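This report sets out selected side-chain contacts and surface features of one protein chain. Please consult the sequence and structure shown here alongside the text.

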Amino acid sequence: MSIVPLQRVTLVGALGEKSRLLEDLQAVGCVHLEPLAQGGSPALPGATPGARRAFRFLVSVAGRRHQAHDVAGFDAKAVETRALAIQDRLRALAEERRFLLRRIRDLAPWGDFRLPRPAERLGLRLWFYVVPHYLLDRMPRVGVPWQVVHRDNRFAYVAVLAAEEPHGMPVERTHTGSVPLAELEQRLEAVEVEEDELQAERVALSRWLDQFAANIARLEDDAARTVAAGQTRDDDALFVLEGWAPSACVPRLRELAERRCCALIAVRPDQDAAPPTLLANDAIAASGQDLLSIYVTPGYRTWDPSPVLVASFAVFFGMILADAGYAFVLAAVTAAFWRKLGHTEGRRRFRTLLLVLAAAAAGAGALTGSYFGVPPPVGSALARLQLLDSSNTVAMMEVSASLGVLHVALANLIASSRRRGSARFAPLGWALVVIAGAALYAGESRAVDSLRWVGYAGLALGGVAVVGFTGAGHRPLTRAA
């Protein structure tokens with residue numbers, strides 16, 4: 001259980017040293033910055049870096065150009081900026097093209113017309129209706145002039161001339177807009193021409209893909225420093241930078257501050273502070289840390305459930321698969337990709353998790369006697385390993401309930417260990433209650449008197465602890481409520 005202890009670090013230095021200090025901090029890589037500037041905010045962990053987004057945009061183009069190797073004529077930042085601008089513009093043009101196509105389709109039955117100017121209307125306006133043929137006889141006969149301007153196999157397209165929107169029409173009016181059909185078609189052609197030009201420019205930029213790929217890490221470092229620079233508080237001569245760092249890194253930060261002639265203040269967090277949580281696990285527990293990130297990161301002052309989580313996940317995975325044959329297949333696939341899964345730290349943790357899951361599934365398969373769904377031969381060594389009958393619903397429910405009891409008891413025992421004084425006895429009492437309840441059930445179902453008495457005694461003792469120490473430190477009436 002390894003939540004790394006942190007300290008709040010504050011660096012104050014000359015404004016001219018800010019960029020070099022940020023480069024040093026990035027090289028050290030152990031400070032979590034907090035924004036001090038007005039409107040500053042930390043970079044989101046899930047945000048897509050611009051360099052990688054630009055690379056994916058260029059690498060997906062059809063008909064890529066031959067790669068250029070003239071480094072002197074290459075500017076990675078300019079390629080990134082232009083690629084992202086093309087991507088954003090193409091997205092906007094595609095949306096506009098969809099709108100224009102829909103508007104042209106809706107306006108085509110009315111023909112190409114231009115609405116008269118207000119001075120030419122004489123107080124009258126045109127109102128448009130798409131009327132099904134079977135409702136056409138409900139159009140007003142007198143008082144409102146109207147004309148069918150187009151028909152198709154389902155609708156009549158009716159234009160009405162009136163000062164105000166007429167009442168009693170069989171359908172709601174249609175909004176045609178004020179832009180004529182010819183102008184919409186011209187704009188659609190202009191949009192398509194611009195799309196073609198941008199796609200051609202995208203293809204031209206693809207000649208720098210090899211060079212750009214080699215500079216992605218540098219571009220991301222530059223972008224991260226730009227974000228960090230916006231999180232400091234600056235005045236005419238000084239800057240202030242604040243964040244959190246592991247206690248073990250503080251001596252190294254002091255050396256860095258001395259080299260850059262900066263002042264460093266490092267203090268342990270008080271009870272009102274809310275430090276971020278940094279987890280550090282080794283071996284199997286590290287894979288549990290990755291599983292934990294799927295759910296929620298624990299608070300700084302809580303405990304790291306990574307070892308418990310990986311064990312629980314493995315047990316339940318083994319119970320679900322429960323076949324030693326398929327577990328062997330999983331282990332064989334992991335072994336086949338062992339070297340490829342060892343290129344990064346995250347992949348190494350993943351392959352460790354796969355081995356743990358395969359071992360759990362193999363154990364559950366051996367206990368239930370399942371090898372690719374086939375039971376082992378009677379009297380064999382594998383048959384002697386079978387202790388559970390998966391077809392026995394009652395026995396399997398008891399196993400599941402026992403695991404649930406173990407989880408609840410363990411959670412309460414850990415909660416008890418995190419508390420101080422008499423407050424620790426309430427969760428300890430709950431752990432005793434659930435264990436005693438399981439013992440009482442086992443004693444009743446198997447007619448074992450000793451287990452019955454253990455269950456009754458545990459329930460009584462645990463109940464006293466829960467009632468007596470829940471809300472310890474508060475007034476009696478408040479605790480009762």
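## Salt bridges

Glu 444 and Arg 452 form a salt bridge, with their closest N and O atoms 3.4 Å apart. The term denotes a side-chain nitrogen of Lys or Arg within 4 Å of a carboxyl oxygen of Asp or Glu. Glu 444 counts as partly exposed because its relative accessibility is 43%; buried means under 20% relative accessible area, exposed over 50%, and partly exposed in between (1.4 Å probe, protein chains only). The model is a predicted one, in which local features need pLDDT of at least 70 and side-chain atom pairs count only at pLDDT 80 or more, whereas totals for chains, interfaces and linings use all residues. Residues are numbered from 1 along each chain as its sequence is written, and side-chain values use heavy atoms, with hydrogens and water left out.

Over the whole structure, the search finds 27 salt bridges. In general, side chains of opposite charge can pair when their charged atoms come close. Arg 8 is paired with Glu 34, and here the closest N and O atoms are 3.5 Å apart. This pair links distant parts of the chain, since Arg 8 belongs to strand β1 (residues 6–14) and Glu 34 to strand β2 (residues 32–34), 26 residues apart. Helices (H or I, at least four residues) and strands (E, at least two) are DSSP runs, numbered from the N terminus. Arg 8 is partly exposed, at a relative accessible area of 22%, and Glu 34 is also partly exposed, at 24%.

Lys 77 forms a salt bridge with Glu 80, for which the closest N and O atoms are 3.5 Å apart. Both residues lie in helix α3, three residues apart, which is about one turn of the helix.

A network of salt bridges links Glu 17, Arg 20, Asp 24, Arg 259 and Arg 260.

## Aromatic pairs

Rings of Phe, Tyr and Trp (its six-membered ring) are paired if their centres lie within 6.5 Å; planes under 30 degrees apart count as stacked, over 60 as edge-to-face and the rest as tilted. By this rule, there are seven aromatic pairs. For Phe 74 and Trp 208, the ring centres are 5.3 Å apart and the planes stand at 40°, so the pair is tilted. Distant parts of the chain are linked by this pair: Phe 74 is in the loop between α2 (50–59) and α3 (76–107), and Trp 208 is in the loop between α4 and α5 (209–214), 134 residues apart. Phe 74 is buried, with a relative accessible area of 13%, and Trp 208 counts as buried at 9% relative accessibility.

The rings of Phe 425 and Phe 469 also form a tilted pair, because their planes are at 45°, with centres 5.1 Å apart. Phe 425 lies in helix α14 (residues 425–446) and Phe 469 in helix α15 (residues 449–469), 44 residues apart, so that the pair links distant parts of the chain. Phe 425 is partly exposed, its relative accessible area being 35%; Phe 469 is partly exposed as well, at 30%. Elsewhere, Trp 110, Phe 113, Phe 128 and Tyr 157 form one aromatic cluster.

## Surface patches

Patches are made of residues with over 30% relative accessible area and no salt bridge; like charges are joined within 9 Å, and nonpolar side chains (Val, Leu, Ile, Met, Phe, Trp, Tyr) within 5 Å. Accessible areas come from the Shrake-Rupley method with a 1.4 Å probe, and for residues only the protein chains shown count as cover. Leu 321, Tyr 326, Phe 328, Val 329, Val 333, Phe 337 and Phe 372 make a nonpolar surface patch of about 680 Å². Helix α10 (residues 324–336) gives the most to this patch, with four residues. Phe 372 is located in the loop between α11 (345–368) and α12 (381–385), and at 45% relative accessibility Phe 372 counts as partly exposed.
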